[in-house]
Amino acid sequence: MSEPTDLPPSAPSLWATHVLIPTLWTPEQALAVFELLDDLREKIWTLYGGQIQAMLKDEQQHGDAGARGEDVSCDDHSF
């Protein structure tokens with residue numbers, strides 16, 4: 001068995017780029033999944049909304065700085 005290939009920190013993980021959705025769901029099944037995801041999103045926002053907003057604001061500021069040619073490298077790649 002081969003060793004997994006390490007992606008650079010800036011590269012997205014492969015599993016996050018492909019989401020397979022069955023095409024044989026009934027409308028009721030699709031609605032149930034949609035409602036589950038909507039509920040999950042609401043609960044996550046309730047718990048982490050302020051932190052998510054702060055992180056997005058920080059990322060936007062880093063993006064703006066990078067567009068101006070400033071060094072925006074960061075050693076913290078934790079989630």
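Glu35, Asp38, Asp39 and Glu42 gather in a surface patch of negative charge. This is a predicted model, with local features needing pLDDT of at least 70, side-chain atom pairs counting only at pLDDT 80 or more, and totals for chains, interfaces and linings using all residues. Residues are numbered from 1 along each chain as its sequence is written, and side-chain values use heavy atoms, leaving out hydrogens and water.

**Exercise 1.** Work out where Glu35 sits and whether Glu35 is buried, partly exposed or exposed.

*Solution.* Start with the fold: the chain has one helix and zero strands (DSSP runs, H or I of at least four residues for helices, E of at least two for strands, numbered from the N terminus). Glu35 lies in helix 1. Next, take its relative accessibility, 41%. Buried means under 20%, exposed over 50%, and partly exposed in between (1.4 Å probe, protein chains only), so Glu35 is partly exposed.

Conventions:
Patch = residues over 30% accessible without salt bridge, like charges linked within 9 Å, V, L, I, M, F, W, Y side chains within 5 Å. Areas by Shrake-Rupley, 256 points an atom, 1.4 Å probe, with all protein chains shown as cover. Salt bridge = Lys/Arg side-chain N within 4 Å of Asp/Glu carboxyl O. Lys, Arg positive; Asp, Glu negative; His and termini not counted. Charge placed at Lys NZ, Arg CZ, Asp CG, Glu CD.
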